[in-house]
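Open your viewer and get the selection tool ready.

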Amino acid sequence: MTVPQLKLSILDQSPASTGESATQALQNTIELAQKAEDWGYHRFWVAEHHGSNRNMGSSPEVLVSHLLARTSHIRVGSGGVMLQHYSPYKVAENFNVLASLAPGRVDLGIGRGPGGMPSTTKALRPQPGNGSDPKPLEEKLAELRQLLANRPGTAGDVNGPMVSPVPVQPADVYLLGTTRGSAEVAAAQGLPYVFAMFLNGDEQEMRQSIDTYFELSAELPGFRPEAMLALPVIVADADDEAAAYARDIHVVRIRLASGRTFTVFSEEAAREFGRQSGEEYTYDVQPANVIHGSANVVSHRLLALQREFGVNEVFIVTAIDRFATRLHSYELLAQSLLGAKSEGQDTRETEESQA
């Protein structure tokens, strides 16, 4: 059996490197999207983070709009919109506008995490009492999909609101997650599923989540399941250089007394999250499970994961502080797996042909 070519995509968190302004961080995202399109990446998604001095993408729909205008054919989307904070109707409106501006190029990835500290979550979802949303995410997700499909209202409510504009080709919807629970939701709703290994590096959990997704999806008549991986990846000119970058990356898993778990990227953020939660908490600092090495080493690893997990697309998440080095990592991988030309290669080939 022939294995399809692995599609490479990018999930960018608009990180502000040391000493960089928010403006520069967002300009870096624009440049990376344009380079990714030139290099042959399939999609470019942007994340949603609130109240962060590290990641500047707090409004993915606004950033997606700008990136669509600054690129010509790469698919652009969210990775992902934190739907639990918002009205499904308003999210549907936002992405219908985007899909009308750029038909066939817009993805709506939905995330399940809070996207920020408890204080920002409360500010995003002002509610009586403790700020919790009484409507489950699964219900909001079903409502969102119904609105995007131009079917107003919920079951039995034929007079529900219509969403305008109605695009010729609505945004494609995806669910991102880090647990088997998210895989179950994606399968139950008949949605493509993206396991975010850059947030949860437990490969056993990733295996169980992907297996669960495919097993449950098989029970849905006519549904063709589609699973993808969002992987932490660092590529450098030499293996030891990539290893040095990878050693600097850690994830911190917070466990609240209520049983909920969250991922942040520093002990300081973990302590602040725990303090704002008002609960007893513990946290563990873990080395990030980063796929790293030269382009050849990383390419072989990604192709092995493709065969092992039955996926044909991976999102690359590269957390290197310096933008130029981060950009080079994406370029090296594109040269290895997508046949992208190196910077200046077109010029050299033209000069040689004219000699």
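A polar contact is a pair of N or O atoms within 3.5 Å; within protein, one must be able to donate a hydrogen and the other to accept it, and residues adjacent in sequence count only if both atoms are side-chain atoms. This is a predicted model, in which local features need pLDDT of at least 70 and side-chain atom pairs count only at pLDDT 80 or more, while totals for chains, interfaces and linings use all residues. Residues are numbered from 1 along each chain as its sequence is written, and side-chain values use heavy atoms, with hydrogens and water left out.

**Stop 1: helix H7**

Select Asp202, which caps the N-terminal end of H7: one of its side-chain oxygens lies 2.9 Å from the backbone nitrogen of Gln204. Helices (H or I, at least four residues) and strands (E, at least two) are DSSP runs, numbered from the N terminus.

Now select residues 203-217, the whole of H7. Which residues of H7 are buried? They are Glu205, Met206, Ser209, Ile210, Thr212, Tyr213 and Ser217. Buried means under 20% relative accessible area, exposed over 50%, and partly exposed in between (1.4 Å probe, protein chains only).

To see what covers the buried residues of H7, show helix H6 (180-189), strand E6 (193-196), E7 and helix H10 (295-309), which are among the covering elements.

**Stop 2: from H7 to H10**

Next, pick Glu203 and Arg301, a salt bridge whose closest N and O atoms are 3.4 Å apart. A salt bridge is a side-chain nitrogen of Lys or Arg within 4 Å of a carboxyl oxygen of Asp or Glu. This pair links distant parts of the chain, with Glu203 in H7 and Arg301 in H10, 98 residues apart.

**Stop 3: the core**

Finally, select Tyr41, Leu108, Leu231, Leu302 and Leu333, which touch the most other members of the largest nonpolar core, a set of 70 residues. A nonpolar core is a set of buried Ala, Val, Leu, Ile, Met, Phe, Trp, Tyr and Cys residues joined through side-chain atoms within 4.5 Å. Helix H11 (residues 323-337) supplies the largest share of this core, seven residues.

Note on methods:
Expected span 1.5 Å × (residues − 1). Contact = heavy atoms within 4.5 Å.
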